Amino acid sequence: MSFLLSLSRLIDKINEKIGLGVSWALLLSVLICTGNALVRYTFNTSSNAWLEIQWYLFAAIFLLATSYTLRRNEHVRIDVIAGHLSKRTQVWIDIFGFAFFLLPMAIIILYYAVPYFITSFQEQEVSSNAGGLIVWPAKILIPIGFLQLTLQGFSEIIKRVGFLQGKVDASAFEKHATTPEEEIEAIKAANKIN
């Protein structure tokens, strides 16, 4: 189990870094969108390539950040019933959901996404829009994103099994809810910097 927990920590660390790194794509996308709008309205000119770059960045944000979201336990869930159950029961529900819903779905999409990307890459597929970009860089995000999600799903199962065995604290996979006091301190710290 210690090897699996080490593997889980490695997967978490990788997905954490990728998630934080891809967050910069949002800023880049906003800057490109703003620049494109300014050029379009100021000089009455534009390019489909700029729009497609935005789409690629949005694809990167959503596909590459899903594993980060799962890692931080920020995914959508309905806790109306599960919130009233014991922690062990909640963990069993998570294991069941990951094993029978998340992982099969992610693996099936990964299975179909790889040849989808390979075909696009081999044919050097180009967007049908005038001035459009090559398409395979966007399509490679699908298998990469779902590979990350699959690995993170295994990591979450490992952590929860470790919890059931008493080897992992629940804080390793619980969402950290900030208290009002922590938020006030964060605001104070941010204001001191400015």
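Helices (H or I, at least four residues) and strands (E, at least two) are DSSP runs, numbered from the N terminus. This is a predicted model, where local features need pLDDT of at least 70, side-chain atom pairs count only at pLDDT 80 or more, and totals for chains, interfaces and linings use all residues. Residues are numbered from 1 along each chain as its sequence is written, and side-chain values use heavy atoms, with hydrogens and water left out.

**View 1. Val-22, Phe-146 and Leu-149 touch the most other members of the largest nonpolar core, which has 19 residues.** Such a core is a set of buried Ala, Val, Leu, Ile, Met, Phe, Trp, Tyr and Cys residues joined through side-chain atoms within 4.5 Å; buried means under 20% relative accessible area (1.4 Å probe, protein chains only). Two or more residues each come from α1 (2-43), α2 (48-71), α4 (87-122) and α6 (141-164), with α2 giving the largest share, seven.

**View 2. Here's Leu-149 and its contacts (heavy atoms within 4.5 Å).** Setting aside neighbours within four places in sequence, Leu-149 meets Thr-66, Ser-67, Leu-70, Leu-102, Met-105 and Ala-106.

**View 3. The axes of α2 and α6 come within 8 Å and cross at roughly 10 degrees.** That makes the α2 helix roughly parallel to α6, a label for angles under 35 degrees. Axes are lines fitted to C-alpha atoms over the stretch in contact, with angles from 0 to 180 degrees between N-to-C directions. Among the residues making the contact are Tyr-56 and Leu-63 of α2, plus Phe-146 and Gln-152 of α6.

Note on methods
Buried means under 20% relative accessible area, exposed over 50%, partly exposed in between (1.4 Å probe, protein chains only). Angles under 35 degrees count as roughly parallel, over 145 as roughly antiparallel, 65 to 115 as roughly perpendicular and the rest as oblique.
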